[in-house]
Amino acid sequence: AQAPMAPPAQPGVPGGRGSKVPPARKLLCMCSLSLCLTYLCYNLMGGAGPAALRSPAALPATAAPGAPRSPAALPGTAAPRSPPGPPGSAAVPTASAAPPRASNGSRDAGAWTRTPLAPGEVIAAQSGAFERDPQESSTTDEELSRAGIRGTTPDYGEKRLPQALIIGVKKGGTRALLEAIRAHPDVRAVGTEPHFFDRNYEKGLQWYRDVMPKTLEGQITMEKTPSYFVTNEAPRRIHSMAKDTKLIVVVRNPVTRAISDYTQTLSKKPEIPTFEVLAFKNRTLGLIDASWSAIRIGIYALHLENWLQYFPLSQILFVSGERLITDPAGEMAKVQDFLGLKRIVTEKHFYFNKTKGFPCLKKPEDSSAPRCLGKSKGRTHPKIDPDVIHRLRKFYKPFNVMFYQMTGQDFEWEREESEK
């Protein structure tokens, strides 16, 4: 006898052929579908749309509003020599490698900032240990305000690119000139050195403009960075910004300037070789090492040749660093005339400090103590071998004469030395 057949499975009945999904799993699917529909409706109502679901990496990169353009995007400018960093990152100047040490533990004198010198080359200053000078950038608007020289930068006005620049030279008296011209009510100047045209050019003109103080119509915006004068690219870059920019160069007897430069470095790096060692390639033969930056900066004629390719002599004012000490009011009169300003900074603004050996700045109507430059100025120079000084004078003399002819001014450095 055949066994009775089981009844066919009914749909929806557990164990039946039509029941492929358990009820619990069905309930989970329905809940998930409901949540997805709710989330989609929420996004559509909020206006985010499908783009809201994309990851940040999938979105196209866009420049932030107001971000500076790269130099390559500026008219008449060239791409930077080194690739710029990511947007918004600050450019870090490349530090020079530490000089190698000799086997006896002392620094190898031949490794200190030696660079080959091509014939006829306009020599560019390096940004190594002998060039960087934090003290040159130490005076800020806040410090000047505390000293009572002038108020802080006002909140009104507009930021503009500078119409005048103090472009050099290092240890020539640029800080003294800047502080004096800032006493003029029609001048607004940056207290620190922006180093835009030599170290920060890849940040773009908008960054440079933002560094400047606000000015009113009729006021002059200025800045000073002494290393511009010995930077090959600076004349072309400044000319690209504004070909009518007025340039001021403070020059000083190159022998004295070199010793002052060395003295400043010695105060920060007491382990460096002596001035006599660094000044010569071969002391016995009397070969001056013009690749050392302290010597190189003082070859003014070669540097000026580079600037005259872009700017006429009428747009460059040469200020005597010596007369800026002996007759500050007289030199400031020339500066104010050159900038088209009324002669407001006069002898009433200066007081000669016998201890420091240079003038200090004050307000003529103010009875407070005069504002003197910091301890980094007026350092006592080390005693240098007279024979070394004599050889340096002979080395610089033809360059000085050439510089006098190019500028049409006799700075009397040879006469000054003969009187010593």
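Q: Where is Val169 found?
A: Helices (H or I, at least four residues) and strands (E, at least two) are DSSP runs, numbered from the N terminus. Val169 sits between strand E2 (164-168) and helix H3 (174-181), in the loop. Residues are numbered from 1 along each chain as its sequence is written, and this is a predicted model in which local features need pLDDT of at least 70, side-chain atom pairs count only at pLDDT 80 or more, and totals for chains, interfaces and linings use all residues. Side-chain values use heavy atoms, with hydrogens and water left out. So, going by those DSSP runs, Val169 belongs to the loop between E2 and H3.

Q: Which residue is joined to Val169 by a cis peptide bond?
A: The bond has an omega of about -5 degrees. Val169 is in the loop between E2 and H3, and its cis partner is Gly168.

Q: Is Lys171 buried or exposed?
A: Lys171 lies in that E2-H3 loop and has a positive phi of about 60 degrees although it is not a glycine. Buried means under 20% relative accessible area, exposed over 50%, partly exposed in between (1.4 Å probe, protein chains only). With a relative accessible area of 7%, Lys171 is buried.

Q: What feature does UniProt place at Lys171 and Thr380?
A: UniProt positions follow the numbering used here, feature names are shortened, and annotations may be inferred rather than shown by experiment. Thr380 is in the loop between strand E11 (358-361) and helix H12 (386-407) and is exposed at 73% relative accessible area. In an unreviewed entry, UniProt lists both residues, among others, under "binding site".

Q: Where in H12 does the kink lie?
A: The bend at a residue is the angle between axes fitted to the seven residues ending there and the seven starting there. In H12 a kink of about 40 degrees comes shortly before the proline Pro398, at Lys397.

Q: How many of the eight residues of H9 are buried?
A: Helix H9 (residues 300-307) is mostly covered. Its buried residues include Tyr300, Leu302 and Trp307.
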